[in-house]
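User: Could you take a close look at one part of this model for me? I'd like to hear about the aromatic rings and the core around them.

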Amino acid sequence: MLVTTDSVEKTIGAFTRLDQKGDKKAMNKLAQRLQKEQPFLLQHAAAVRSEHGDAVGEAAVFYATLVWAMFDRAQDNAGTLPRLTPQNLADADKIVTEELGKLEGLTEKPVHERVAPALVAKQPHIYAKLAELLSEDVKENAMTADTAATIIKPTEVVIEAFDAALSGARPGEKQGTVVASNKVGRNEPCPCGSGKKYKKCHGEAA
């Protein structure tokens, strides 16, 4: 499934409005839905936090959430996105690593250009927006170039994983009732990687 420019722009518009309004209730609702529907996606993005710290971890989670929302909007009325699995994400990581490894002088390129043509071809509109947002965030000092360089690959992995799940290249889980193993106890760490207990983070409005 190709995510269109229209879906990408509508997603950005929706996120911008939420941010401008400071609508915490809506943002919490979105975060709760993501935690319920895509726990492994959150774990994948939040893993960056343990190695690189809170600011980088939060940026990785935000960009992963943005990609999820783009694919979700593109689904329109076709149902809920497949739940990404750890295996799909691990396979996506290998593919992204291999494709990036084919590029010469990767680390010399501006961060927003550190993408592989073969991956861009699958979801060109998402990649175009990703490059634009990262470039803008660095230029406006919303994040450092080092942070952008750290989160771009995990974000590409999420794009590859969703693309594979929707195209049938690699499976995702059909959404249904969240199984007990994916539930988070109120006193357990929040899956978003904040370091807070779930009841004090995304479970606060539950």
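Analyst: Here's a walk from the overall fold to the ring pairs, and then to the core.

First, the ground rules. This is a predicted model, so local features need pLDDT of at least 70 and side-chain atom pairs count only at pLDDT 80 or more, while totals for chains, interfaces and linings use all residues. Residues are numbered from 1 along each chain as its sequence is written, and side-chain values use heavy atoms, with hydrogens and water left out.

The protein chain has 8 helices and 0 strands; helices (H or I, at least four residues) and strands (E, at least two) are DSSP runs, numbered from the N terminus. Of the 206 residues in the protein chain, 45% are buried, where buried means under 20% relative accessible area, exposed over 50% and partly exposed in between, with a 1.4 Å probe and protein chains only. Take contacts (heavy atoms within 4.5 Å) between residues at least 6 apart in sequence: 71% of them join residues at least 24 apart.

Now the rings. Rings of Phe, Tyr and Trp (its six-membered ring) pair if their centres lie within 6.5 Å; planes under 30 degrees apart are stacked, over 60 edge-to-face, and the rest tilted. That rule gives 3 aromatic pairs. One of them is Phe15 with Phe62, an edge-to-face pair at 6.1 Å centre to centre and 75° between the planes. Phe15 sits in helix α1 (residues 5-21) and Phe62 in helix α4 (residues 54-75), so this pair links distant parts of the chain, 47 residues apart. Phe15 counts as buried because its relative accessibility is 16%, whereas Phe62, at 41%, is partly exposed. Another pair is Phe71 with Phe162: the ring centres are 5.3 Å apart and the planes are at 35°, so this one is tilted. Phe71 is in helix α4 and Phe162 in helix α8 (residues 145-167), so here the pair ties together parts 91 residues apart in sequence. Both Phe71 and Phe162 are buried. Ring pairs also join Phe15, Phe62 and Tyr63 into a cluster.

That brings us to the core. A nonpolar core is a set of buried Ala, Val, Leu, Ile, Met, Phe, Trp, Tyr and Cys residues joined through side-chain atoms within 4.5 Å. The largest one here has 49 residues, and Leu41, Phe71, Leu134, Ile151 and Phe162 have the most contacts inside it. At least two residues each come from α1, α3, α4, α5 (86-101), α7 (124-139) and α8, with α4 giving the most, 13 residues. In soluble globular proteins, nonpolar side chains tend to be buried together. Leaving out residues up to four places away in sequence, Phe71 touches Met1, Val3, Leu81, Gln123, Ile126, Ile159, Phe162, Asp163 and Leu166.

Leu41 turns up again where helix α2 (residues 24-37) meets helix α3 (residues 39-52): Leu34, Gln35, Lys36 and Glu37 of α2 make the contact with Pro39, Leu41 and Leu42 of α3.

Finally, a spot elsewhere in the chain. Val115 lies in the loop between α5 and α6 (117-120). Its contacts, leaving aside neighbours within four places in sequence, are Leu100, Leu103, Val120, Tyr127, Ile152 and Glu156.
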